[in-house]
Amino acid sequence: MNRMILRTLLVLLVVTSCQWYAGAQKRKTLDTPNTVVYALPQTVLKLNVIAEKTILKRGPFAEYAKKYLNISDVVSADGVEWELKSIDVSSHGEVDPEEYHKITTSVDYEPSLISLTPTGLIRGFNLEKKMILKEEKESVFITDDKIDIEYGKFSIDPIIKYKEDTIFKVVETDTAFVKVPVLEKQALVKSLEEKAEEAAHQIFKLRKRRFKILTANYEVLPPDGKAYEIIIKELEKLENDYLSLFVGKRVGFTENFQFLYTPKNGENGGVIFRMSPQAGPVGVNDLGGKPIRVDFKNLEITRELAIIPTVGLVPQKQIFYRIPGMADVSISNGREILFQNRMPIAQFGKIANMPAEVLLNENYSIEFFPDLGSIKNVSK
C-alpha cells in the first residue's frame, strides 16, 4: 500500500515539474530583429463654442414709425449681430511629435504584441483583441434664411390708386372745332408715406377687432375657447406682420464652432480665438474681434517625483510612458471668466520608463490611457 502511495506522489511530482518547465521557458528568438515605433500623447484642448447670430432687417416704413405709431425703437439698417452664449472645454490626446519611441525584439519579447491606436498612440502590451468602436456625431449646419419684409405680401389695400382728371378733346362739328371736357381715370402708384399710413391704419383696426372679441362686443362670437384662441393668435400674427414694416425684423439662431489649443510646457496661456460683433467667432489674427484667451496654472504635481535615471540604458529596450500633470484651466474674455476647471495635461508631467523585460512572461499585460500615455492597468 505504501509503495502505491509513493509511486503516485512520484508521478504527480514529475508531471508538475514538466508543467512548470513548460510555462517558464523563454519564447523563441526571432531570426531577424523587429522594431515598432509608438508615440506618447500630448493633451489638446477642444473648445465647443455656441454663439447666437441675429440678422437685422430694416422695415420699409421705418422712417414713419414715430409719426404714425409713436415707436422709436426700430431697426435703422440691415446688418448682423453676434453674441457669445457658452463655451465648453474638453480634451483629447494627439501624437506628441517630440515623443516618438521604438522598441526592438530581443530573446524574450516581441514588439508585435504592442497595441496602438490608429494614429500611433500607445494602448498597451499583450492586450486581448477588442473591437474599438468609433463614435460619430452628425453635424448640423445652419444656413441663413432670406428675410423679406414686403408690404404687398399681406396688405389688404391695393398699391395702385386711381385719379380722375378732366381733359379736353377737340370734336369737329359742322361749322367748327369744339373742345369737349372728358373725364379720364389714371392709375398711379401710391407713395411710400401713403402705404405707411394705410399700414398703420390696419394695425389699429386689428387691435380694435381683437379688443372687441376679448370683450365679447360682437353679436356673433366664436363658438368655444379653442376658436377664441385661434382667432386671437391669427390677429396677433397679422398685427406683428404689419408692425415689422415699421420696426423691422430681428431673426436669431445659434451656431456651433470648435477651436483647438495645444498647451506648451512652461507657458501660462494664450489667445484661442476672437469674438467679432459683426463676424462672430474668428481666428486669432483677425484683430477686429475681442480676444478670448485660455490661462493655465500648472499645479506641478510631478515636480518632486523621482524618475529612474536612464544613463547607460538602451532606449530600444525601455518602455516609455507619461505621468501626466494637472492644471487649473480658465477661459476669459479679458474681464469675465467664461469657463474654469481643473484638468489633466499630459505634457505638464514627466516621462518615465520601465525595462522591456517586464514582457518576459506573455501572461502579463500592460494597458495605457491613450489620451494621457499613463499606465491604466497591469494584470496577469
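Accessible area here is what the Shrake-Rupley method gives with a 1.4 Å probe. On that basis, this chain has an accessible surface of about 25,300 Å², and 53% of it belongs to carbon and sulfur atoms. Keep in mind as you look around that this is a predicted model. There are 5 helices and 14 strands to find your way through, and buried residues make up 33% of the 380 residues in the chain. Count the contacts with a separation of 6 or more, and 73% of them come from residues 24 or more positions apart.

**The sheet of 5 strands**

- Start with the open sheet that runs in the order β9-β8-β10-β11-β12, where the pairing is antiparallel.
- Its edges are β9 (280-282) and β12 (337-355); each has a single partner strand, so one side of each has no neighbour in the sheet.
- On average, neighbouring strands in this sheet are turned by 30° against each other, ignoring direction.
- Inside the sheet, β10 (residues 290-298) and β11 (residues 318-332) run antiparallel and are joined by 6 bridges.
- The loop between β10 and β11 holds Glu 300, a residue other than glycine with a positive phi, near 50°.
- Glu 300 has 39% relative accessibility, so it counts as partly exposed.

**The sheet of 3 strands**

- Another open sheet goes β2-β1-β7, again with antiparallel pairing.
- Here β2 and β7 (249-261) take the edges, and because each has a single partner strand, one side of each is left without a neighbour in the sheet.
- Neighbouring strands of this sheet are turned by 10° against each other on average, direction ignored.
- A set of 21 bridges ties β1 (residues 35-57) to β2, and the two run antiparallel.
- Along that pairing, you'll see Val 44 standing opposite His 92 in β2.
- Between α2 (65-69) and β2 (79-104) comes a loop that contains Asn 70.
- Asn 70 isn't a glycine, yet its phi is positive, near 60°.
- With a relative accessible area of 57%, Asn 70 is exposed.

- Helix α4 covers residues 192-214, which makes 23 residues, and it reaches 33 Å from its first C-alpha to its last, close to the 33 Å expected at 1.5 Å a residue.
- Quite a list of α4 residues is buried, including Lys 195, Ala 199, Gln 202, Ile 203, Leu 206, Arg 210 and Ile 213.
- A handy thing to remember while reading such a list: an α-helix has 3.6 residues a turn, so residues three or four places apart point the same way.
- Among the buried residues of α5 are Ala 227, Ile 232, Leu 235 and Glu 239, along with Asp 241, Tyr 242, Leu 243, Ser 244, Leu 245, Phe 246 and Val 247.
- Gly 248 follows α5, and its phi is positive, near 85°.

**Aromatic rings**

- The structure holds 8 aromatic pairs.
- One of them is Tyr 64 with Tyr 68, a tilted pair at 6.3 Å centre to centre and 50° between the planes.
- Tyr 64 has a relative accessible area of 14%, so it is buried, given that the cut-off for buried is under 20%.
- In another pair, Phe 296 and Phe 348, the ring centres are 5.9 Å apart and the planes sit at 90°, so this one is edge-to-face.
- That pair links distant parts of the chain: Phe 296 belongs to strand β10 and Phe 348 to strand β12, 52 residues apart.
- Phe 296 is buried, with a relative accessible area of 7%, and Phe 348 counts as buried too, at 4% relative accessibility.
- Finally, look for Phe 125, Tyr 321 and Phe 368, which form one aromatic cluster.

Methods. Residues numbered from 1 in each chain as written. Predicted model: local features only at pLDDT ≥ 70, side-chain atom pairs only at ≥ 80, totals over all residues. Heavy atoms only, no water. Pairing = 2+ DSSP bridges. Helix = DSSP H or I, 4+ residues; strand = E, 2+ residues; numbered from the N terminus. Axes fitted to C-alpha atoms, helices over the stretch in contact; angles between N-to-C directions. Phe/Tyr/Trp six-rings, centres within 6.5 Å; stacked < 30°, edge-to-face > 60°. Buried < 20%, exposed > 50% of the residue type's maximum accessible area, 1.4 Å probe, protein only. Contact = heavy atoms within 4.5 Å. Expected span 1.5 Å × (residues − 1).
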